[in-house]
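Here are my notes on one helix and the parts around it. Have the model open while you read.

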Amino acid sequence: MTEQAARTRFLYVVVCAAGIAADVGELITAAQERDWEVGVIATPVAMNGFFDTAAVEARTGRPIRSAWRTPGEPRPFPAPDAVVVAPATFNTVNKWAAGIADTLALGTLCEVAGLGVPIAVLPCVADALAAHPAYRDSLERLRGMGVRFGDPYAGEPGEGGGRPEFAWERALDLVEHG
């Protein structure tokens, strides 16, 4: 058996600052049910109350990464077999497409895009922001890099006042099957 076959697949989940991030545990549970080990990387703003960090760390058994490690500090996660960005915000999508790596989350996304690792994105962007030409250009650039996108999610309440479901498991389908 090869070393790759002997180890569990490792999924990086990049969490951005959107209200739906509170439910990221659904993605982690679904990934674990599909035999993925999960490590979470969060944008600095997402770490400020957008999701329950203690619950996520308990669920994954690993610390959440949000800051760069220091020289000589060991890597806390193995190399990823796939990456999911969910929820992905307007800011993160645009900075990533522009090659801006000013946070660990963005630096990681810029790097893995060049390694051929499957990447799935579940955008969570208001319709008004999604209409911005820079955002449309960013989606086109990232798609050209092989990044796979789920349907857009604006999170706007429907006619009955309830919000639509966020398709957490769709991200797993995208990295596993394209």
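1. Start with asparagine 94, which sits in helix α4 (helices are DSSP runs of H or I, at least four residues, strands are runs of E, at least two, and both are numbered from the N terminus). Asparagine 94 is buried, at a relative accessible area of 16%. The cut-offs are under 20% for buried, over 50% for exposed and partly exposed in between, with a 1.4 Å probe and protein chains only.

2. A word on what you're looking at: this is a predicted model, where local features need pLDDT of at least 70, side-chain atom pairs count only at pLDDT 80 or more, and totals for chains, interfaces and linings use all residues. Residues are numbered from 1 along each chain as its sequence is written, and side-chain values use heavy atoms, with hydrogens and water left out.

3. What does asparagine 94 touch, leaving aside its neighbours within four places in sequence? It is in contact (heavy atoms within 4.5 Å) with Ala134, Tyr135 and Ser138. The C-alpha atoms of asparagine 94 and leucine 139 are separated by 8.2 Å, although these two are 45 residues apart along the chain.

4. Just after α4, check glycine 99, with its positive phi of about 80 degrees.

5. Now the packing of α4 on α7: the angle is about 55 degrees and the axes are 9 Å apart. Axes here are lines fitted to C-alpha atoms, for helices over the stretch in contact, and angles run from 0 to 180 degrees between N-to-C directions. The two helices are therefore oblique to each other; under 35 degrees would be roughly parallel, over 145 roughly antiparallel, 65 to 115 roughly perpendicular, and the rest is oblique.

6. On to β4, where five of the five residues are buried, so the strand is largely enclosed by the rest of the structure. Ile119, Val121 and Pro123 point one way, Ala120 and Leu122 the other. In a regular strand the side chains alternate between the two faces of the sheet.

7. Which strands pair with β4? β3 does, in the parallel sense over four bridges, and so does β5 (residues 148–149), also parallel, over two bridges. Pairing requires at least two DSSP bridges between the strands. Valine 84 has alanine 120 in β4 as its bridge partner, while valine 121 has phenylalanine 149 in β5.
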